[in-house]
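Please look over the structure below. This report walks through a few of its local features in turn.

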Amino acid sequence: MKTITKDKAKELINQTNGRIFSATYIKKDLSKRIMNARLGKHYKSKTGKKAPYNPEKYNLKKVYDMKVKDFRIINLNTLISLSINKNKYIIKE
């Protein structure tokens, strides 16, 4: 396993080009979550409203959760590990 920074992790996620990856992070309620996700699908609001904030500004990443089959947000500040293309990475503080 390689140890990488949060910025490198964000870069690796952006380079997945729609391939499925696994991320482990701490949720807002302080529980640990392991998610199989992908980029490339785009969320469309049912009401037509725009989001009240830009997730990139808060170091959040919008992804499509493959298990739940819905969109979720990964907090890159609490990211613990990533698994992309059979490569495992540990995120350092």
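A residue counts as buried under 20% relative accessible area, as exposed over 50%, and as partly exposed in between. Aspartate 70, at 35% relative accessibility, is therefore partly exposed. Keep these cut-offs in mind, since the words return throughout. The model itself is predicted.

## Salt bridges

Aspartate 70 also takes part in a salt bridge. Its partner is arginine 72, and the closest N and O atoms are 3.6 Å apart. Arginine 72 is partly exposed, with a relative accessible area of 29%.

The structure holds 5 salt bridges. One of them joins glutamate 56 to lysine 10, at 3.6 Å from N to O. Glutamate 56 sits in the loop between β3 (32–38) and β4 (60–65), while lysine 10 sits in helix α1 (residues 6–14), so this pair ties together parts that are 46 residues apart in sequence. Glutamate 56 is partly exposed, with a relative accessible area of 36%. A network of salt bridges links Lys10, Glu56 and Lys61.

Another salt bridge is formed by the side chains of aspartate 65 and arginine 33, at 2.3 Å from N to O. Aspartate 65 belongs to strand β4 and arginine 33 to strand β3, so the pair ties together parts that are 32 residues apart in sequence. Are these two residues, aspartate 65 and arginine 33, buried or exposed? Both aspartate 65 and arginine 33 are buried.

Three of these bridges are set out here.

| Glutamate 56 | Lysine 10 | 3.6 Å |

## Aromatic pairs

How many aromatic pairs does a search of the whole structure find? The search finds 2 aromatic pairs. In one, the ring centres of tyrosine 53 and tyrosine 58 lie 5.9 Å apart and the planes meet at 75°, so the pair is edge-to-face. Tyrosine 53 has 37% relative accessibility and counts as partly exposed. Tyrosine 58 is partly exposed too, with a relative accessible area of 46%.

The other pair is tyrosine 64 with phenylalanine 71. Their ring centres are 5.1 Å apart and their planes stand at 70°, so this pair is edge-to-face. Tyrosine 64 counts as buried, at 13% relative accessibility. Phenylalanine 71 counts as partly exposed, at 23%.

Tyrosine 58 lies in the loop between β3 and β4. Together with Tyr53 and Ile73, Tyr58 forms a nonpolar patch on the surface. The three have about 280 Å² of accessible area together.

Which residues of α1 are buried? They are Ala9, Leu12 and Ile13. These residues cover an arc of only 100° around the axis, which puts them on the same side of α1. The buried residues of α1 pack against β1 (2–4), β2 (21–26), β4, β6 (79–84) and β7 (87–91).

Isoleucine 4 lies in strand β1. Isoleucine 4 is buried, with a relative accessible area of 9%. Setting aside residues up to four places away in sequence, isoleucine 4 touches Ala9, Leu12, Tyr89, Ile90, Ile91 and Lys92. Isoleucine 4 and leucine 39 are 35 residues apart in sequence, and their C-alpha atoms are 20 Å apart in space.

Serine 22 is found in strand β2. Serine 22 is buried, with a relative accessible area of 17%. Apart from neighbours within four places in sequence, serine 22 is in contact with Ile34, Met35, Asn36, Ser81, Leu82 and Ser83.

## Positive phi angles

Two loop residues close the tour. Asparagine 17 is found in the loop between α1 and β2. Phi of asparagine 17 is near 50°, a positive value in a residue other than glycine. Asparagine 17 is exposed, with a relative accessible area of 67%.

Lysine 69 lies in the loop between β4 and β5 (70–75). Lysine 69 has a positive phi of about 60°, although it is not a glycine. At 59% relative accessibility, lysine 69 counts as exposed.

Key. Residues are numbered from 1 along each chain as its sequence is written. This is a predicted model: local features need pLDDT of at least 70, side-chain atom pairs count only at pLDDT 80 or more; totals for chains, interfaces and linings use all residues. Side-chain values use heavy atoms; hydrogens and water are left out. Rings of Phe, Tyr and Trp (its six-membered ring) pair if their centres lie within 6.5 Å; planes under 30 degrees apart count as stacked, over 60 as edge-to-face and the rest as tilted. Buried means under 20% relative accessible area, exposed over 50%, partly exposed in between (1.4 Å probe, protein chains only). A salt bridge is a side-chain nitrogen of Lys or Arg within 4 Å of a carboxyl oxygen of Asp or Glu. Helices (H or I, at least four residues) and strands (E, at least two) are DSSP runs, numbered from the N terminus. The arc is that of the directions from the helix axis to the C-beta atoms. Contact means heavy atoms within 4.5 Å. Patches are made of residues with over 30% relative accessible area and no salt bridge: like charges are joined within 9 Å, nonpolar side chains (Val, Leu, Ile, Met, Phe, Trp, Tyr) within 5 Å. Accessible areas come from the Shrake-Rupley method with a 1.4 Å probe; for residues, only the protein chains shown count as cover.
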